[in-house]
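Please look at the sequence and the structure before reading on. The points below go through a few local features in turn.

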Amino acid sequence: MPAKKSKGSSDEEKVVLDYLVKANRPYSANDISSQLHGKVSPAQAKKILNDLADDGRIQRKVNGKQQIFYPNQSDIDVPSIEEAEEEAEKIKELEDQVETLKSENKVLASRLQGLNNALTDDQMRERIAKLSNEIKENDERLEHLRSGEVISPEEKSKIETEHATMVKHWKARKRMFKNVSDAIAEGYPGKIKDLFAEIGIETDEDAGADISIIAAK
């Protein structure tokens with residue numbers, strides 16, 4: 001009467017059989033031992049595989065000294081056409097979801113990059129207010145000049161230089177803001193004006209400021 005298998009050997013046999021059926025491909029004993037990361041030694045794997053083959057629970061093919069083992073294909077559940085089509089549809093839905101998530105992630109990454117490179121709302125408001133005040137003061141001084149009040153050539157030159165400098169800073173800031181907003185707009189799914197309204201950004205147009213008119217003065 002054959003010796004009763006120990007619980008340990010039964011557990012190892014289950015591990016080997018489960019892996020072979022799940023992988024559903026041919027393996028040698030050394031391959032199985034390697035794939036199971038040493039849970040069974042090559043010698044143990046060889047004995048277990050041969051025992052399973054002798055019992056008819058798996059198939060064995062001998063090629064010279066090499067033994068290859070693979071699961072019984074009759075034990076593999078083959079899905080019906082309807083099941084296969086249903087699985088294919090599920091895969092297609094998951095692939096579509098992956099593409100959608102990739103697109104959303106791209107938009108969010110673009111928005112994050114733009115926001116990281118941009119000034120904060122408070123900094124932008126403070127800078128715009130400061131430049132607007134400076135430009136207003138320069139405009140008032142220029143108006144006095146145009147009215148015929150006599151000032152020295154040095155004072156006039158200083159005022160015009162300050163005005164040109166302020167306009168230059170304004171244009172630079174406006175260009176920087178446009179570059180950032182354009183970068184965000186490329187990936188943003190809605191209108192960029194809606195995004196500005198949502199996060200509280202006020203543009204020159206919103207404030208009624210026209211740099212082309214001021215720069216021409």
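**Notes on helices, salt bridges and rings**

1. Glu87 and Lys90 are three residues apart in helix α4 (residues 81-117), so about one helical turn separates them. Helices here are DSSP runs of H or I with at least four residues, numbered from the N terminus. The two side chains form a salt bridge, 4.0 Å from N to O. A salt bridge is a side-chain nitrogen of Lys or Arg within 4 Å of a carboxyl oxygen of Asp or Glu. Glu86, Glu87 and Lys90 are linked in a network of such bridges.

2. This is a predicted model: local features need pLDDT of at least 70, side-chain atom pairs count only at pLDDT 80 or more, and totals for chains, interfaces and linings use all residues. Residues are numbered from 1 along each chain as its sequence is written, and side-chain values use heavy atoms, with hydrogens and water left out.

3. The salt bridge count comes to nine. One of them joins Glu13 and Arg57, with the closest N and O atoms 3.0 Å apart. Glu13 lies in helix α1 (residues 7-23) and Arg57 in the loop between α3 and β1 (58-63), so the pair ties together parts 44 residues apart in sequence.

4. Lys47 and Asp51 both lie in helix α3, four residues apart. Their salt bridge has its closest N and O atoms 2.9 Å apart.

5. Which aromatic rings pair? A search of the whole structure finds one aromatic pair. The rings of Tyr19 and Tyr27 have centres 5.7 Å apart and planes at 45°, so the pair is tilted (centres within 6.5 Å; planes under 30 degrees apart are stacked, over 60 edge-to-face, the rest tilted).

Conventions
Rings of Phe, Tyr and Trp (its six-membered ring) pair if their centres lie within 6.5 Å; planes under 30 degrees apart count as stacked, over 60 as edge-to-face and the rest as tilted. Helices (H or I, at least four residues) and strands (E, at least two) are DSSP runs, numbered from the N terminus.
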